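Welcome! Please take a moment with the sequence and the model below, and then we can walk through a part of it together.

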Amino acid sequence: MTENTALPVGVTRPGDEAFQDLSVRGINKRFRARPEEFHVVTTTEQVVSLVRDAVRDGKRIAVRSGGHGYENVVGDPAVQVVIDLGEMREVSFDPERGAFAVEPGVRMADLYRTLYEGWGVALPAGDSATVGLGGHVVGGGFGSLSRSEGLAADHLLAVEVVVVDAAGDVRAVVATRDPEDPHHDLWWAHTGGGGGNFGVITRYWFRSPGATGDDPREALPQPPASVLTGTVLFNRESLDRAALRTLVGNFGRWHENNSSPDSPYTSLFSGLVLLGRPREGDPGMGAVVFAHVDATRPDAEKLLSDYVTELTAGLGDFPVVLPTEVLPWLEAKKALAQSQDAEVGRQKVKSAFLRRGYADEQIDTLYDYLDSADHSNDSSLVALQSYGGRINSVAGDATASAQRGSVIQAFFMNTWQDAELDGTNVDWMRRLFRDLYAKSGGVPVPGDEHDGCYINFPDTDMADPEWNTSGVSWESLYYKDNAPRLRAIKAEWDPRGVFRHVLSLGSGN
């Protein structure tokens with residue numbers, strides 16, 4: 001069963017035919033959800049009714065849209081009722097708000113196709129095809145258009161949320177970007193405050209802050225009609241310790257120098273993917289760089305060529321620079337999704353924001369772990385992706401997405417298949433991250449070099465004093481100075497703690 005398979009609408013209990021399929025729907029195969037009931041819903045009214053019943057009966061709730069949560073939130077044994085929003089997939093234009101109304105179960109691939117083919121617009125959100133919108137936007141949401149257009153949350157006009165008040169009354173509230181809206185704080189919390197904190201999101205409305213008029217084609221950014229793509233390959237045996245220092249150093253310095261909001265390079269999105277050495281049958285690839293540039297720019301070829309030249313400087317002739325290719329925008333997005341969605345299995349992930357590239361000693365740590373054959377995973381990678389640009393034109397407190405000075409977003413993934421190897425593989429990833437950030441207590445403490453972690457890649461180790469010895473709370477790692485305001489909004493809108501999990505605001509769970 002894939003993440004896009006249609007499921008029967010209604011209640012499913014252990015023993016029912018669909019229960020097993022619903023149980024394993026999450027992307028991380030380490031976890032299975034075994035609640036008393038799954039409820040696959042299609043309307044806001046159904047969600048209100050379900051939450052009301054759960055509150056009345058004292059049942060613990062979890063919410064799922066696309067199933068891409070990497071930690072065991074839905075599968076927590078304490079959860080008794082799972083509300084599955086995966087069949088809420090409508091995308092339409094709301095003329096009254098002048099905005100696109102999008103339900104939380106829509107997957108990214110479907111959202112991009114519908115918006116682009118219908119109106120020629122796009123939301124600058126993530127690149128995985130199967131991520132559901134529901135939990136993605138509330139964590140900020142970034143992808144290949146974000147350096148030129150900002151985060152997905154920067155285009156959020158309004159959000160509909162099912163909430164529970166102190167008396168236990170349940171209702172659906174619409175909160176908007178309008179500062180005069182009495183529910184404005186609830187809107188703000190959904191621009192980076194993380195999923196599962198405030199209520200159940202049943203609809204988003206998107207309209208860019210600078211949009212004018214009634215034409216849907218002007219309500220959101222118009223992506224480039226075509227994309228110039230480039231790829232550079234680095235074979236493992238040539239990518240020794242010194243060469244990795246050069247490559248990762250070049251990538252970091254380039255992004256430090258070319259990530260201001262007014263840079264011509266806001267039209268370029270790139271990733272450096274460092275690949276771990278397999279236990280057996282090494283295919284020979286140590287790293288891959290991809291780059292996408294707006295092909296409609298008259299200087300697109302020069303921008304890409306200059307970027308590749310700076311990236312490969314000092315590496316001799318061993319990098320293999322593949323021929324460039326011009327693709328229609330939607331096809332380019334599909335290609336990114338295919339590469340991002342390739343890893344399937346049992347996983348442990350981590351994340352970090354970088355204000356500067358990694359220092360040589362940190363690059364050495366990456367080399368030691370990724371080049372070693374002394375591990376039990378099937379695959380491992382560290383992906384450094386372009387950040388900054390117009391993301392950083394927004395003040396850190398204007399939305400709940402606080403990381404507005406970063407230039408790189410780092411994603412760490414370890415994947416394996418055998419459940420008996422869970423402990424060994426989780427430990428391997430924990431040690432890599434701890435040693436990489438050894439000077440700051442094992443975590444990327446916000447400061448001159450690092451800028452915390454990305455809540456859309458939640459990691460319970462950030463709340464574990466064994467692995468976070470920095471003295472900086474997990475909330476500060478994810479939310480920085482926005483954490484106190486988010487805790488206050490949580491207290492106001494979820495005073496009974498109905499919506500809680502291992503990394504929910506202000507909680508033990």
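Which residue of E9 does Val162 stand opposite? Val162 faces Val200 in that strand. Please keep in mind, as you look around, that this is a predicted model.

Strand E7 covers residues 156-164, and its pairing with strand E9, residues 200-206, is antiparallel and runs over six bridges. E7 also pairs with strand E8, residues 170-176. These two strands run antiparallel as well, and seven bridges join them. Here you can find Val164 opposite Val170 of E8.

If you trace the chain from E7 to E8, you will see that the two strands form a hairpin with five residues between them. In the turn sits Gly168, whose phi is positive, at about 90 degrees.

How many of the nine residues of E7 are buried? Nine of the nine are, so E7 is largely enclosed by the rest of the structure. Buried here means that a residue has under 20% relative accessible area.

Sorted by class, the lining of the second largest pocket has ten nonpolar, six polar and five charged residues.

Technical notes:
Residues are numbered from 1 along each chain as its sequence is written. This is a predicted model: local features need pLDDT of at least 70, side-chain atom pairs count only at pLDDT 80 or more; totals for chains, interfaces and linings use all residues. Side-chain values use heavy atoms; hydrogens and water are left out. Buried means under 20% relative accessible area, exposed over 50%, partly exposed in between (1.4 Å probe, protein chains only). Helices (H or I, at least four residues) and strands (E, at least two) are DSSP runs, numbered from the N terminus. Two strands pair if DSSP finds at least two bridges between them. Ala, Val, Leu, Ile, Met, Phe, Trp, Tyr, Cys and Pro count as nonpolar, Asp, Glu, Lys and Arg as charged, and the others, Gly among them, as polar.
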